[in-house]
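I opened the model to look up a few local features. My entries follow.

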Amino acid sequence: MEKGPVPLVAVLISGRGSNLQALVAAIEKGQLRARIAVVISNAADAEGLTFARGSRIERLVLPHQAHA
């Protein structure tokens, strides 16, 4: 096993969060050495945020409509 700090990852989602779920599964199986520090979505109603909440991952919503 690699030594040193575990890399922190931020995951961007806009919907179901299927890639987020795949990353979490890979981390849990030991296939990916990382820790998801935050999930960022441009949509407050993204289903992936519910998954992130259940996985106790910090969540942040940045609505893209607020930016040019």
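I began with Ala10, which lies in strand E1. Helices (H or I, at least four residues) and strands (E, at least two) are DSSP runs, numbered from the N terminus. The model is predicted, so to speak of local features I need pLDDT of at least 70, and side-chain atom pairs count only at pLDDT 80 or more, while totals for chains, interfaces and linings use all residues. Residues are numbered from 1 along each chain as its sequence is written, and side-chain values use heavy atoms, with hydrogens and water left out.

I looked up the exposure of Ala10: its relative accessible area is 49%, so Ala10 is partly exposed. Buried means under 20% relative accessible area, exposed over 50%, partly exposed in between (1.4 Å probe, protein chains only). I then checked Ala10 against Val39: 29 residues apart along the chain, their C-alpha atoms are separated by 5.8 Å.

Next, the strands. E1 (residues 8-13) pairs with E2 (residues 35-41) in the parallel sense, over six bridges; pairing requires that DSSP finds at least two bridges between two strands. Ile13 stands opposite Ser41 in E2. From E1 the chain passes through helix H1 (residues 18-28) to E2, a right-handed β-α-β crossover. Right-handed means that, with the strands pointing away from the viewer, the path from the first strand over the helix to the second runs clockwise.

Last, helix H2 (residues 47-54). I found Gly48, Leu49 and Ala52 buried there. Seen down the axis of H2, the buried residues fall within an arc of 105 degrees, so they line one face of the helix. The arc is that of the directions from the helix axis to the C-beta atoms. The face turned away from this buried side carries exposed Glu47 and Gly54. Just after H2, Arg56 takes a positive phi of about 60 degrees.
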